[in-house]
Amino acid sequence: MNDTLYDAVIIGSGPNGLAAAVELARNQQKVLVLEASDQIGGGTRTAELTLPGFQHDYCSAVHPLGVLSPFFSSLPLEDYGLEWIYPEASVAHPVDDGPAVLFYRDLARTMDNLGSDGKAWEKLVRPFLRDPDSLLRDILGPLGLPESPLQLARFGMKAIWPAEQLARYLFREERTRGFFAGLAAHSVLPLDKVFTSAIGLVFAVSGHVVEWPVAAGGSARISRALADYLIDLGGDIRTGSWVRELEDLPEARVYLFDTDPMQLAEIAGPVLPPAYVRRLQKYNYGPGSFKLDWALDGPIPWKDKRCLEASTVHLGGTLAEIATSERDAWLGRHSEQPFVLLCQQSQIDPLRAPQGQHTGYAYCHVPFGSTVDMTEAIERQVERFAPGFRDLILDRHTINTRELASYNPNYFGGSISGGSNDITQLFTRPVARFDPYTTPNPRIFICSASTPPGGGVHGMCGYHAAQSALKRLARSST
Ligand SMILES: Cc1cc2nc3c(=O)[nH]c(=O)nc-3n(C[C@H](O)[C@H](O)[C@H](O)COP(=O)(O)OP(=O)(O)OC[C@H]3O[C@@H](n4cnc5c(N)ncnc54)[C@H](O)[C@@H]3O)c2cc1C
């Protein structure tokens with residue numbers, strides 16, 4: 001074991017672990033990141049999962065929260081090779097009869113697309129487009145004094161609604177209701193739960209600020225850029241270092257866990273109060289996900305060809321269908337017609353597939369811990385909106401919830417966003433505390449997506465945890 005005394009050791013090199021490490025290192029702290037896998041990046045890894053020459057994003061694919069992250073924006077990541085590629089539209093939402101909804105950055109163009117619901121859409125999003133940056137900073141921060149309290153209060157009044165109810169109240173057309181349901185279903189919650197509109201609204205606002213981009217060459221470039229910057233700042237990273245107990249940790253003044261709460265309880269349990277450990281063990285992970293990647297012999301043959309303009313395609317058609325699918329996963333059932341989140345990175349990024357060929361990426365929500373193969377159900381959904389899709393499949397790669405968790409222990413039960421986003425955990429994860437990044441042990445912090453603001457590649461959990469750790473480090477050195 002290396003005896004160097006580090007200021008901070010970070011367990012896990014996901015985007016939050018690396019963000020925490022960078023923030024500490026640029027504040028002159030000596031940091032070490034320990035990563036269980038032989039590759040850095042956690043949810044931001046890219047690999048040839050199918051055929052040679054096809055680069056697939058293992059987990060995260062599309063990054064509105066990454067490009068809008070106040071922390072990432074403050075870093076010179078472009079100098080370290082990160083390039084965002086923007087699609088024409090953020091989302092396409094095909095329907096059975098009629099044209100798909102296309103979600104463009106330009107508000108007027110999206111309103112046009114929404115026909116008679118255009119005005120209602122404008123009413124929903126326009127109040128937040130005057131100063132979206134401060135709104136996003138308030139939303140991506142821990143609970144506290146907001147930068148724009150009035151705007152945040154106005155956001156909260158809409159966000160608190162169950163998405164199903166808000167969509168029925170605001171919109172008349174079934175396709176608009178389905179479109180909003182697709183955005184809200186990123187919450188991985190039944191859409192009749194309070195606050196499911198919050199995530200739908202965040203994505204609705206984000207898509208009018210920026211087209212949802214992909215990282216050129218794959219999501220792994222995000223973590224590579226963070227890691228290379230960290231190394232230039234003097235930080236160290238050790239891969240192949242699975243931390244299973246406290247004895248695996250080198251000497252340091254503080255430890256930041258980019259892990260799920262269950263692992264924090266297992267590893268640091270001996271130095272945490274039993275009551276706190278019990279609360280970590282009660283953490284609700286929510287449903288899991290089943291993921292598919294395809295090597296394709298051409299672009300997806302959408303009935304509405306404009307769907308190729310979007311980085312993300314939401315497959316589920318109506319509000320009722322999407323709501324049923326999300327409720328099923330929550331209640332432990334496998335939906336016959338799952339809501340599918342599909343990404344087509346190679347449409348805008350030529351580095352992903354051999355010329356003329358394409359990658360396809362899709363997942364659906366399934367019950368926690370499910371091992372059911374959803375390939376047939378997902379491909380049926382794609383075929384419904386893109387007849388002839390199956391004929392293009394050269395190869396496929398599947399990941400069920402167990403495989404996801406063995407790829408990355410943070411995805412316990414297949415939970416991909418750091419745990420359930422329901423009202424009991426949305427703002428107070430993993431345990432309700434004034435500073436959720438701290439634990440009762442002043443040397444131990446948690447910085448993963450199981451802290452506010454939750455899942456997604458934005459690094460804000462890591463950034464805020466680093467702020468808490470820096471305060472502690474400053475106190476302990478005086
Ligand atoms: C299928 C899927 C699709 C997704 N799509 C998107 C998307 O399109 N856009 C988006 O923004 N987000 C997406 N996400 C969510 C996003 O990937 C995560 O929210 C994000 O990666 C969380 O970052 P993190 O740093 O908290 O944890 P992780 O990225 O999970 O990283 C944790 C790291 O810690 C390591 N680790 C864990 N335990 C230990 C240990 N005991 N010892 C040492 N190392 C350890 C792990 O190996 C891993 O590398 C998706 C996730 C999945 C799974």
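Q: Is Cys461 buried or exposed?
A: In this predicted model, Cys461 counts as buried, because its relative accessibility is 0%, and the cut-off for that word is under 20% relative accessible area.

Q: What is a disulfide, and how many are there in the whole structure?
A: A disulfide is a covalent bond that joins the sulfur atoms of two cysteines. A search through the whole structure finds 0 disulfides. Cys461, for its part, is in no disulfide, and the nearest cysteine sulfur, which belongs to Cys447, lies 8.2 Å away, whereas a disulfide needs the two sulfur atoms to be within 2.5 Å.

Q: New topic: which residues make up the patch of positive charge on the surface?
A: Arg278, Arg279, Lys282 and Arg433 gather there. Arg279, one of these residues, sits in helix 13, which covers residues 274-281.

Q: How much relative accessible area does Arg279 have?
A: Arg279 has a relative accessible area of 42%, so it is described as partly exposed, a term for values between the 20% limit for buried and the 50% limit for exposed.

Q: Then where is Ile199, and is it buried or exposed?
A: Ile199 belongs to helix 10, made of residues 196-209, and Ile199 is buried, because its relative accessible area is 18%. The C-alpha atom of Ile199 is separated by 9.1 Å from that of Ala163, although the two residues are 36 residues apart along the chain.

Conventions
Residues are numbered from 1 along each chain as its sequence is written. This is a predicted model: local features need pLDDT of at least 70, side-chain atom pairs count only at pLDDT 80 or more; totals for chains, interfaces and linings use all residues. Side-chain values use heavy atoms; hydrogens and water are left out. Patches are made of residues with over 30% relative accessible area and no salt bridge: like charges are joined within 9 Å, nonpolar side chains (Val, Leu, Ile, Met, Phe, Trp, Tyr) within 5 Å. Accessible areas come from the Shrake-Rupley method with a 1.4 Å probe; for residues, only the protein chains shown count as cover. A salt bridge is a side-chain nitrogen of Lys or Arg within 4 Å of a carboxyl oxygen of Asp or Glu. Lys and Arg count as positive and Asp and Glu as negative; His and the chain ends are not counted. The place of a charge is taken as NZ of Lys, CZ of Arg, CG of Asp or CD of Glu. Helices (H or I, at least four residues) and strands (E, at least two) are DSSP runs, numbered from the N terminus. Buried means under 20% relative accessible area, exposed over 50%, partly exposed in between (1.4 Å probe, protein chains only).
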